[in-house]
Structure formats: structure tokens, C-alpha cells
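Take a moment to turn the model in your viewer. Then follow the text from one part of the chain to the next.

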Amino acid sequence: MGSDIILKVEGVGKQYRLGLVGTGTISHDLNRWWNKIRGKEDPYLKVGETNIRIEKGDSQYVWAIKNINFEVKRGEVLGIVGKNGAGKSTLLKILSRVTGPSTGEIKTKGRIASLLEVGTGFHPEMTGRENIYLNGAILGMTKAEISDKIDEIIDFSGCLRYVDTPVKRYSSGMKVRLAFAVAAHLEPDILVVDEVLAVGDAEFQKKAIGKMQDISNSDGRTVLFVSHNMAAVKSLCTRCIVLENGESVFEGETDQAVDFYLNNSGSNSSEFSGIIQFNENDIGNHQVSLLEVKSYDKENRVRSTYFNNEDINIDIKVNIKESIKNSRFALIIETQNEEKAFVSASNNITNGELKKGGFTFTVVIPKNLLNNIEYNVFVSGAIPGKNYFFKPNKCFSIKIEDSKSKGYNFNEKWHGTVHPELKWSLKT
């Protein structure tokens, strides 16, 4: 490896046998052994199928990951993204030495600390403080080195009150807080973080991402980060790999990788149908039920794709089961990166009382407001400060395309969650 390369993955693959615990039957294991002593390849590595979780296959063997190749430099933050079942966690387990690869090899320089699952590496009967020393010892730290940092670790975790309580009594969020604090502060050369941060609350996620940025920028250590939160991936990672069905399908700059992932994630037709209907008791409570949400154009055609020079009408149909006062219904528009574009509420028409019966709220998203990207449409209903009729519920997605009306190149990419047409003037 080059002097600045800290991790090198060459042809790594992992094969599993479906349906049973272990590698297979006695005959399969004997066959493997016989081929091994003759210096031949494992015969079952030739019969495995691609890992497509939604399809039924013909072989008992599948490749969780196959032929993965990449290098990571010291101080780099590498994002690994992909759908559920794409092979992300399997790859991280191999990198963390939790399991071995079926093919290929991994070359590393230095210590690796991993956060793969909630509570991994913690002994449930030991206290939080004892587990800090246990994890540090596993990472190769001396007791004196751990003692120097233990106050900082406990403070970062926010678990001071419970640090001398057995970990088995911790919530999943508290376990993640403590585990991340240990992994980040005991100075590993490579920090491997799976989706576990999603278990933590918003305050801790923000703090953890800031700590990972400090680790890479200030300390020059390497981070491998897996998340379905594309906004976090974009803010943290310098480069990304996209996995699909166990294989690497894209490697490059973070923005390009995220765009590739979102545009090739196989959105189903119902998600982009422009309309969704619910049964009476699916969404809501004893006061209000959500019945239907749809988007349509000026000619009343239900659509999911619009040009940016046309208005978009959104209808929110509800059934009010008992009279309500001072209610608020809201339309929330988010990007595919989970960034809020805007929120609009019905305050101006629902400050009074709504009688029992069926109602349809219509919201008009004006032309030349949204960017030429894909958005998710959410709706919610509540009495502010008291209770929700239904919390923000994703209904469907809409796509915005450039109409050429602004004189731009077709489908030219613009930064930002929205791209409004503002009024400009020029003076000499």
C-alpha cells in the first residue's frame, strides 16, 4: 500500500448458505476440505447467486457481497450507501474482523474501532464504566490511557448518572451514546460507523457527526460511514461507494454518488402515482381521519411529474368525526435527501371551528418555486400544542423538470432545496 493509504480492499466477497446455520451439510464441508488439500478452489464459490432479496433463486448459496475493490486514504471519510440488503453491513463486519471474507483480502494500517449494532461489544452485566475499560482493552489501550480519557468519554456520552449501572438497563439510545463515545475517544486509526447513529436523538446525531468531522479533519484519522440519511452523508463524507445487490456500482464524489443512488433506487410506481387513498381508520384518531391526498394540474389531471413553470395543486381530503377548534393541517415538502424545502399550514382558514363532516383542503404550490429534482410530499394534522390527529405522513413523491422557460439548459442542475424565480433589477 502507498504511504497515505490506510485501508485497501481487493476482490472481497462473502458467500452465505440460505436456510441453515453453518456453512452447509457434511457432504459440502467434506467437498470443500477435499478441494482445499488438493490446492483447488472452493467449488461452492462458483454456484452462488447475486444477492437480490426480493427474488426467489435456484441456488442455496448467495453472495452477500462480491468482488468489492477500493482504497481509503488517511484522514478520508468514506460513505457507503445502498438499499437495505445491498451488503453494507456485511462489508463493515468483514472490515471489522467480525467475520472473514470468502474471497479477496483486506490490508490495513492501525487499529479499527467499530460501531455496527446497538450494544455490540458491551457486556450486559457490567456497568458502563467497566465496559469503557473493556472496549479500550479490546482496542489495545492500556488502563492508564483509558483512565486519562474516561471523564471526557462519559461527558460526551451524556450518561453520567447511569455510568455505574449495568448496561442491560440502558435504553438502545444510551448504549449507542456510550459506544460511540468510547470508539471515538480511544483514538482508533479507522472508525467504522454503521446506521446505529439513527437510534440516537437529534442532539446526539449532530454531536456525533461533529465529532467524526473533528476526527478526520484535526486528527487525520479515517472514518467509514454507513447511513440512509443522505443529508448526513453529504455533510460528512468526502467520497462515497454505492452498493447494489452486493456489488459496487458507483464510486466517486459524494454529491455524484448520492444523485446516482437516489436516481437508481428503483422507486415503485405507487410512490410516484401522484395520489394515495386511505381507509377510514388507517391514518388519524377519534377526531379526524385522513382519506386521500393527490396532486394535479390546472386541467385536473392527476400527475407526479411537473415542469417548473406550472402550478401544482395538492388536495388533502379528511373526515372530521367530531367538531374541532383551532386545528392546523400542514403540507410538508422534503427533498430525497430528507432536507425540508418548506412547510405550509392552514392557519388562515382553520382558526375557528370545523363541524363534523368531510372536507378537502386545496394547496397550490406556485410555479417557478421548486428545483428540478424529486420531492417527497408529507401531510399532517393537529391542534397546535395539544395533540396530533395524524403526524407527518409521507404520501407520494413528485418530480420537477426544467421547462426551458427560464432560458436554461434542459435539466441543468441547480443547488439548493428550492429554486425560486426572484425579481432582479440592474442599475448603472
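**A walk through the fold**

Start with a hairpin. Strands β9 and β10 have two residues between them, and there N245 takes a positive phi near 55 degrees. Strands here are DSSP runs of E with at least two residues, helices are runs of H or I with at least four, and both are numbered from the N terminus. Strand β9 covers residues 239-244, strand β10 covers residues 247-253, and six bridges join them in an antiparallel arrangement. Two strands count as paired if DSSP finds at least two bridges between them. Look across from I241: its bridge partner in β10 is E251.

A word on what you are viewing. This is a predicted model, in which local features need pLDDT of at least 70 and side-chain atom pairs count only at pLDDT 80 or more, while totals for chains, interfaces and linings use all residues. Residues are numbered from 1 along each chain as its sequence is written, and side-chain values use heavy atoms, with hydrogens and water left out.

Now find strand β14, residues 312-320. Eight of its nine residues are buried, so the rest of the structure largely encloses this strand. Buried means under 20% relative accessible area, exposed means over 50%, and partly exposed lies in between, using a 1.4 Å probe and protein chains only. Which strands pair with β14? One is β12 (residues 288-296), which pairs with β14 in the antiparallel sense over eight bridges. Here K294 has D315 in β14 as its bridge partner. Another is β19, which runs antiparallel to β14 and is joined to it by nine bridges. In that pairing, V318 has F359 in β19 as its bridge partner.

F361 has 9% relative accessibility, so it counts as buried. The C-alpha atoms of F361 and I316 are separated by 5.0 Å, yet these residues are 45 apart along the chain.

F361 also leads us to the rings. Ring pairs link F329, F361, F389 and F390 into a cluster. Rings of Phe, Tyr and Trp (its six-membered ring) pair if their centres lie within 6.5 Å; planes under 30 degrees apart are stacked, over 60 are edge-to-face, and the rest are tilted. How many aromatic pairs are there? The count comes to seven. One of them is F156 with F204, an edge-to-face pair at 6.5 Å centre to centre, with 70 degrees between the planes. F156 is in helix α4 (residues 143-157) and F204 is in helix α6 (residues 202-217), so the pair links distant parts of the chain, 48 residues apart. Are these two buried or exposed? Both F156 and F204 are buried.

Compare F329 and F390. Their ring centres are 6.3 Å apart and their planes lie at 45 degrees, so this pair is tilted. F329 lies in strand β16 (residues 328-335) and F390 in strand β21 (residues 387-401), so the pair ties together parts 61 residues apart in sequence. F329 is buried at 4% relative accessible area. F390 counts as buried too, at 4% relative accessibility.

The rule asks for NZ of Lys or CZ of Arg within 6 Å of the ring centre and within 35 degrees of the ring normal. K207 lies over the face of F156, 4.8 Å from the ring centre. K294 lies over the face of Y296, at 5.3 Å.

Next, two loops. R97 is in the loop between α2 (88-95) and β5 (103-108). Its phi is near 70 degrees, a positive value in a residue other than glycine. R97 is exposed, with a relative accessible area of 51%. E338 is in the loop between β16 and β17 (340-345). E338 is not a glycine either, yet it has a positive phi of about 70 degrees. E338 is partly exposed, at 47% relative accessible area.

Finish inside a cavity. The second largest cavity is lined by residues including F307, N308, I312, I365 and I400. A cavity is a set of points on a 1 Å grid over the protein atoms alone where a 1.4 Å probe fits but cannot get out; lining residues have an atom within 4 Å of a point.

Technical notes: On a 1 Å grid over the protein atoms alone, a cavity is a set of points where a 1.4 Å probe fits but cannot get out, and a pocket is an open set with protein on both sides within 12 Å along at least five of seven lines; lining residues have an atom within 4 Å of a point.
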